[in-house]
Amino acid sequence: MARPAPGWRLRPLAALALVLALTQVPTARSGQTPRPAQRGPPVRLFTEEELARYGGEEEDQPIYLAVKGVVFDVSSGKEFYGRGAPYNALTGKDSTRGVAKMSLDPADLTHDTTGLTAKELETLDDVFSKVYKAKYPIVGYTARRILNEDGSPNLDFKPEDQPHFDIKDEF
């Protein structure tokens with residue numbers, strides 16, 4: 001029977017020590033209070049009229065656009081979304097259909113996904129996840145995502161299933 005290599009009992013202990021060292025929370029030094037984590041702007045609900053105010057026309061305003069009812073701050077991409085930029089038509093509204101169809105046609109710049117093909121819906125999900133969720137902060141949701149046309153609550157809306165949901169931050 002072969003003997004275990006020397007120090008074999010120390011390897012699990014060394015691994016445990018490394019894990020503990022990496023997961024320890026730094027403590028504040030004596031007399032210092034810990035700093036809170038950085039937070040973005042609060043997530044809020046946008047009506048169509050409110051969202052339209054953030055279309056990139058005003059220099060001092062952030063630029064917002066919505067996809068799938070999620071409102072993103074795309075101000076960091078001002079060269080793409082600002083006034084006169086190639087994708088400015090998408091801003092200030094829920095442009096879900098336009099994103100799915102890769103279209104800037106004014107008729108496609110709507111939340112309505114009725115009649116989209118499976119390929120267009122796949123494109124929508126891909127761009128939503130890999131571009132908007134990956135690059136831009138979520139600042140809110142459209143009222144349409146949470147409310148029905150008559151203003152009553154959308155009972156199918158589940159906050160916990162929404163991107164960027166954190167009960168402490170949002171409610």
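Leucine 104 lies in the loop between helix 4 (96–101) and helix 5 (118–135), where helices (H or I, at least four residues) and strands (E, at least two) are DSSP runs numbered from the N terminus. This is a predicted model, in which local features need pLDDT of at least 70 and side-chain atom pairs count only at pLDDT 80 or more, while totals for chains, interfaces and linings use all residues. Residues are numbered from 1 along each chain as its sequence is written, and side-chain values use heavy atoms, with hydrogens and water left out.

**Surface around leucine 104**

- Leucine 104 is partly exposed, with a relative accessible area of 36%; buried means under 20% relative accessible area, exposed over 50%, and partly exposed in between (1.4 Å probe, protein chains only).
- Together with Phe80 and Tyr87, Leu104 forms a nonpolar patch on the surface, and the accessible area of the three comes to about 260 Å². Accessible areas come from the Shrake-Rupley method with a 1.4 Å probe, and for residues only the protein chains shown count as cover.
- Patches are made of residues with over 30% relative accessible area and no salt bridge, like charges being joined within 9 Å and nonpolar side chains (Val, Leu, Ile, Met, Phe, Trp, Tyr) within 5 Å; a salt bridge is a side-chain nitrogen of Lys or Arg within 4 Å of a carboxyl oxygen of Asp or Glu.

- Four strands form an open sheet in the order 1-4-3-2, with mixed pairing, where two strands pair if DSSP finds at least two bridges between them.
- Strand 1 (44–46) and strand 2 (64–67) stand at the edges with a single partner strand each, so one side of each has no neighbour in the sheet.
- Strand 1 pairs with strand 4 (residues 138–142) in the parallel sense over three bridges; arginine 44 stands opposite glycine 140 in strand 4, and leucine 45 has tyrosine 141 of strand 4 as its bridge partner.
- Strand 3 (residues 70–73) pairs with strand 4 in the antiparallel sense, again over three bridges, and phenylalanine 72 has isoleucine 138 in strand 4 as its bridge partner.
- Strand 4 is largely enclosed by the rest of the structure, because five of its five residues are buried.

**The chain as a whole**

- The protein chain has seven helices and four strands, which follow the pattern α-β-α-β-β-α-α-α-β-α-α along the sequence.
- Of its 171 residues, 32% count as buried, and the accessible surface of the protein chain comes to about 12000 Å², of which 56% belongs to carbon and sulfur atoms.
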